[in-house]
Amino acid sequence: MYFTSLKADGFRNLKSVDLSFSEQFMFFLGENGSGKTSVLEALYFLSHAKSFRVSNLKKLISNSADEFSLFSCLGSDAGTSKIGVSRSSSGRQKIKYNGDVLSGIASVSKDVPVQFLDTDAHRCFADAPSNRRKFLDWGVFHVEHSYSRSWQSYQKVLRQRNAMLKFGSSEDEMSAWTSQLAELGDIITENRSVYVDGFIDVFNSVWVELMPSMELPQIEFSKGWVGDNLLGSLLSCSDQDRRFGYTTCGPHRCDLKIFTDGAEVFDYYSQGQQKALTYALKVAQGIYLKKLTGREVVYLIDDLPAELDNIRLSAVLELLANHASQVFITAIEKKDSFDFVGQGSACFDVTDGFVKSI
Ligand SMILES: Nc1ncnc2c1ncn2[C@@H]1O[C@H](COP(=O)(O)OP(=O)(O)OP(=O)(O)O)[C@@H](O)[C@H]1O
Ligand SMILES: [Mg+2]
């Protein structure tokens with residue numbers, strides 16, 4: 001599904017936004033502090049009920065309001081849907097999806113898969129394995145229905161086992177938790193491994209399309225433990241785990257490593273090349289999702305031109321034009337490369353929180 005409209009009241013600095021989206025590309029142009037990222041944040045909130053920049057959701061409510069409300073009509077080949085979310089300064093949140101009041105947003109997140117990319121996206125990828133795990137888990141969550149339940153149960157059991165390790169419990173005392181952890185961990189690893197196997201082929205073709213003159217990077221799935229079964233691995237790490245006071249092996253330590261010429265790409269590529277790689281990974285994830293489920297990803301891209309030269313910028317836009325159904329892009333000013341997607345695009349001016357079509 002994709003967004004065909006956005007209404008926002010009391011959200012950040014935005015002033016009663018009421019917009020329609022009918023093109024593949026929507027460009028939001030304006031000065032620093034005008035409200036561009038806030039528009040993307042509003043769209044993101046509608047599918048995630050959280051922000052990509054703050055965990056304290058009170059900060060999303062306009063300084064001059066007690067609550068915010070967001071509303072969007074969603075389109076797809078199968079028909080239209082409506083999503084509305086409001087949140088007050090007391091923390092009361094209401095999610096209404098096609099007339100039904102929901103207690104959580106997971107079903108909307110599934111129906112409207114959204115990928116957010118900002119100027120830090122590639123740095124996050126480079127910095128921490130946890131961000132690469134998040135990338136991988138986003139993909140598996142959207143194709144494997146039981147995945148988030150397995151992952152949540154795994155986290156719960158892991159917390160229990162870690163608490164017992166801190167307390168100095170023996171392996172015998174922990175055995176029930178260890179077995180449960182192994183059982184859930186094997187399922188998670190199997191889901192991830194199947195996903196990565198299929199994903200690599202898609203990524204390879206996207207890479208050739210985006211960076212034809214650069215060597216293809218190798219993606220390697222490191223599952224977070226060694227051996228054929230997790231139970232054996234957990235038992236052999238048991239003494240070490242007790243020494244450290246936490247579980248040192250398992251899918252919570254998994255990583256997605258990317259190499260070129262034997263070196264990890266994020267230690268080797270320039271900032272612009274890392275950014276292009278991140279786009280290749282995210283677009284490949286969208287193509288793969290569509291292939292497996294028929295669902296299309298909406299891309300929210302904050303400050304696309306930053307750190308990309310004109311050739312790379314045009315190449316990224318061409319890639320998105322070929323494979324993405326809907327793309328929202330912010331930039332301080334219009335770039336010549338934006339004309340590349342000319343016919344399928346709409347431009348919006350953002351000034352002091354007012355957003356209007358231009
Ligand atoms: N809760 C809030 N109420 C009112 N204004 C807010 C609130 N939170 C943030 N702002 C202000 O909203 C403005 C817009 O922020 P936003 O990050 O959307 O700007 P931007 O157009 O993306 O700018 P930049 O080009 O610098 O990234 C900022 O001036 C910010 O200080
Ligand atoms: Mg911004």
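**View 1. Asp 352 counts as exposed, at 53% relative accessibility.** Here, exposed means over 50% relative accessible area, buried under 20% and partly exposed in between, with a 1.4 Å probe and protein chains only. This is a predicted model, in which local features need pLDDT of at least 70, side-chain atom pairs count only at pLDDT 80 or more, and totals for chains, interfaces and linings use all residues. Residues are numbered from 1 along each chain as its sequence is written, chains are lettered from A and ligands numbered from 1 in the order in which they are written, and side-chain values use heavy atoms, leaving out hydrogens and water. Asp 352 is not a glycine, yet its phi is positive, at about 45°. Look for Asp 352 in the loop that links β15 (345-351) to β16 (354-357); strands (E, at least two residues) and helices (H or I, at least four) are DSSP runs numbered from the N terminus.

**View 2. Asp 303 has a positive phi of about 55° without being a glycine.** The loop holding Asp 303 runs between β13 (298-301) and α10 (310-323). With a relative accessible area of 26%, Asp 303 is partly exposed.

**View 3. Helices α4 (residues 129-143) and α6 (residues 171-210) pack at about 95°, with axes 10 Å apart.** Axes are lines fitted to C-alpha atoms over the stretch in contact, and angles run from 0 to 180 degrees between N-to-C directions. The pair α4 and α6 is therefore roughly perpendicular, the term for 65 to 115 degrees. On the α4 side, contact residues (heavy atoms within 4.5 Å) include Phe 135, Leu 136 and Val 140, and on the α6 side they include Tyr 195, Val 196 and Phe 199.

Methods:
Angles under 35 degrees count as roughly parallel, over 145 as roughly antiparallel, 65 to 115 as roughly perpendicular and the rest as oblique.
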